[in-house]
Amino acid sequence: MEISLHKIDTIAELVKMSQLEQKVWGTSPVPIHQTMTAAKNGGIVIGAYAGERLIGFVYSFPGYKNGEVYLCSHMLGIDPEFRNQGIGYRLKMKQAEEALKLGYRKIRWTYDPLESRNGHLNIAKLGAICSEYIENCYGEMDDELNKNLPSDRFNVEWLVGSPYLDYRHRLFANLKLVPESMLLDWKERENGAPEAVWKSSRWEVFRNQPLLFVPIPTNFQELKEKDDGLALDWRYKTREVFVGLFAEGWAVAHVYRQPNEPVQYYVLIKRNQLPL
């Protein structure tokens, strides 16, 4: 079935979005009076439809910080029956198109850095970058994806219309994993689960590397279901790495995968080396 995308700005459509939000996350949805206000005042709400059925959406509103106006992308949800079909990517590209029409040059949003699928979409496919880590961003959350863990988040920037989006393909075209550039390593347990392991050298030898690689599990939710202690260990170790590296001027700019490994790698570069 053909999937169509268009902006949402009526009560009837926002009611459908509210129902889909509940289906996706199992929590109380954003009030319709709030989503309507955002849609009518510089926000962008886009729906993905299979025929008349709403199967995905992205919800965003204006943001402002340090004298800069940007689009704050708060939620992207896909009906579970329609996942893994590239709909999230299409929604984000449509969002960028509409943002440029309104004069936005930057879109920001948060996501859990341990969710590898989101990392691949946001960083590798869309070209967002990140140099801000927020510890326990939303406090305790009780939905299935977030319960029993601190709600740490990457706060990413997507520079729509920037020359960086073309430059990054050349920058990472011949990327190869260099073990010496891994501050945090990993090992595979007997049950196949990856475990984060500190390198003995820790921080000192990494400051002169051109790129750094930080592993995360490729299936964090499955790992969490089997061993929530191991999941928490990944949270705390990666938190320490990213907070430390971001404070020293590094930025996450790409994602690297190797076949048949239970991890994928965030690729970091000095932010001042990027044409932003």
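This is a predicted model: local features need pLDDT of at least 70, side-chain atom pairs count only at pLDDT 80 or more; totals for chains, interfaces and linings use all residues.
1. At a relative accessibility of 1%, Gln-264 counts as buried, where buried means under 20% relative accessible area, exposed means over 50%, and partly exposed is what lies in between, as computed with a 1.4 Å probe on protein chains only. Gln-264 belongs to strand β12, strands here being DSSP runs of E of at least two residues and helices DSSP runs of H or I of at least four, both numbered from the N terminus. Not counting residues up to four places away in sequence, Gln-264 touches Ser-116, His-120, Val-214, Pro-215, Ile-216, Thr-218, Val-255, Tyr-256 and Arg-257, a contact being defined by heavy atoms within 4.5 Å.

2. Residues are numbered from 1 along each chain as its sequence is written, and side-chain values use heavy atoms, with hydrogens and water left out.

3. On the overall fold, the secondary structure of the protein comes to 7 helices and 12 strands. The radius of gyration is 19 Å, close to the 19 Å that the globule rule gives for 276 residues, so the protein is as compact as a globular protein of that length; the radius is taken over C-alpha atoms, and the rule is 2.2 Å times the number of residues to the power 0.38. Along the principal axes, the C-alpha trace spans about 60 × 40 × 35 Å. Of the 276 residues, 51% count as buried, and among contacts with a separation of 6 or more, 67% are accounted for by residues 24 or more positions apart.

4. Helices α1 (residues 11-25) and α2 (residues 32-40) pack at an angle of about 125 degrees, and their axes are 10 Å apart; the axes are lines fitted to C-alpha atoms, for helices over the stretch in contact, and angles run from 0 to 180 degrees between N-to-C directions. That angle makes α1 oblique to α2, given that angles under 35 degrees count as roughly parallel, over 145 as roughly antiparallel, 65 to 115 as roughly perpendicular and the rest as oblique. On the α1 side the contact is made by Ile-11, Leu-14, Val-15, Met-17 and Ser-18, and on the α2 side by Ile-32, Thr-35 and Met-36. These residues divide into 6 nonpolar, 2 polar and no charged, with Ala, Val, Leu, Ile, Met, Phe, Trp, Tyr, Cys and Pro taken as nonpolar, Asp, Glu, Lys and Arg as charged, and the others, Gly among them, as polar.

5. In helix α4 (residues 116-125), the buried residues are Ser-116, Gly-119, Leu-121, Asn-122, Ile-123 and Ala-124. Just after α4, Gly-127 takes a positive phi of about 90 degrees.

6. Asn-66, in the loop between β3 (53-65) and β4 (68-78), has a positive phi of about 50 degrees although it is not a glycine, and at 75% relative accessibility Asn-66 counts as exposed. Asn-260, in the loop between β11 (250-256) and β12 (263-270), has a phi near 65 degrees, again a positive value in a residue other than glycine. With a relative accessible area of 83%, Asn-260 is exposed, and its C-alpha atom is separated by 39 Å from that of Ile-44, 216 residues apart along the chain.

7. Lys-199 sits in the loop between β9 (194-198) and β10 (212-217) and, leaving aside neighbours within four places in sequence, is in contact with Pro-179, Glu-180, Met-182, Leu-183, Asp-185 and Phe-206. Asn-219 lies in the loop between β10 and α6 (220-226) and is partly exposed, with a relative accessible area of 40%.
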